[in-house]
Amino acid sequence: MSEHETVDPPLTVAIDGPAASGKGTLAKRLSTVLGLPHLDTGLLYRAVGRQVLDAGQDPADSAAATAAAEALAPADLQRTDLRGPVADAASAKVASIPGVRAALLAFQRRFAEDGAVLDGRDIGTVVLPKARVKLFVTASLAVRAARRHRELEARGGAVPPLDVVLAEMAARDEADRNRATAPLRPAEDAILLDTSALTSDEALARAEAIIRWKLGV
Ligand code: CDP
């Protein structure tokens, strides 16, 4: 390589946004298109919440949750009981504990070392502040609640009524926005993508266009 050639840093894409905004689906599809690994960081908080519940402890217990986060192993993310109202509530509780967030930070940064797509709440602001592309994905509360309700129905089993799903989601968003450590908010250099009226294909096309523009390709 000549001394004039430069090597681009690995491509990191940070996708943040509230619950059921479409960020997870978008992140997964983008990772396939870009040939990069994908980490759904919500799973980390869900797995920590589950471990604490399994141990018969309270997800709001800072010492218990921090110890669970420090002991988290990649296999814990494969659990099949990380979705649903109980796991939702436990994840939001452990996510407000600074020790938990600190313990999960290194894992997320290591994952992104050689390039990756990460989705979550604080990827563009805290985990990867230098991500080359940052998207903040939103949708109206009504649309998000309807999406989550459909997801729960597709999974089978008992599904709470739509208004309960909406109320729980609104409460979790509120907690995510108002916590002292790494609150949910767009990074200053994030690009907003409202998926309320978009299909998954349309959201992907917009995101791809944004990435091409950001990378100048
Ligand atoms: O799928 P959904 O958007 O409902 O949630 P998730 O992305 O799996 O995240 C579950 C919970 O984990 C969120 O409500 C947050 O409280 C927390 N979380 C976080 O604090 N930071 C992240 N980077 C990802 C999730």
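Author: At the boundary, 22 residues of domain 1 are in contact with 20 residues of domain 2, where contact means heavy atoms within 4.5 Å. The model is a predicted one, in which local features need pLDDT of at least 70 and side-chain atom pairs count only at pLDDT 80 or more, while totals for chains, interfaces and linings use all residues. Residues are numbered from 1 along each chain as its sequence is written, and side-chain values use heavy atoms, with hydrogens and water left out.

Domain 1 covers 11–37 + 115–212 and domain 2 covers 41–114; these bounds come from an automatic or database domain assignment. Their C-alpha centres lie 18 Å apart. Between them about 1,600 Å² is buried, and carbon and sulfur atoms give 57% of that. Buried area is the accessible area (1.4 Å probe) that two parts lose on being put together, summed over both.

Side chains of opposite charge can pair when their charged atoms come close. The rule finds two salt bridges across the interface of domain 1 and domain 2, a salt bridge being a side-chain nitrogen of Lys or Arg within 4 Å of a carboxyl oxygen of Asp or Glu. Five residue pairs, with both residues at pLDDT 80 or more, are in polar contact across this interface. A polar contact is a pair of N or O atoms within 3.5 Å; within protein, one must be able to donate a hydrogen and the other to accept it, and residues adjacent in sequence count only if both atoms are side-chain atoms.

On the side of domain 1 that touches domain 2, strand 3 (116–120), helix 6 (123–127), helix 7 (141–155) and helix 8 (162–178) each supply at least two residues. Helices (H or I, at least four residues) and strands (E, at least two) are DSSP runs, numbered from the N terminus. Strand 3 gives the largest share of that side, four residues. By class, that side has 11 nonpolar, four polar and seven charged residues. Here Ala, Val, Leu, Ile, Met, Phe, Trp, Tyr, Cys and Pro count as nonpolar, Asp, Glu, Lys and Arg as charged, and the others, Gly among them, as polar.
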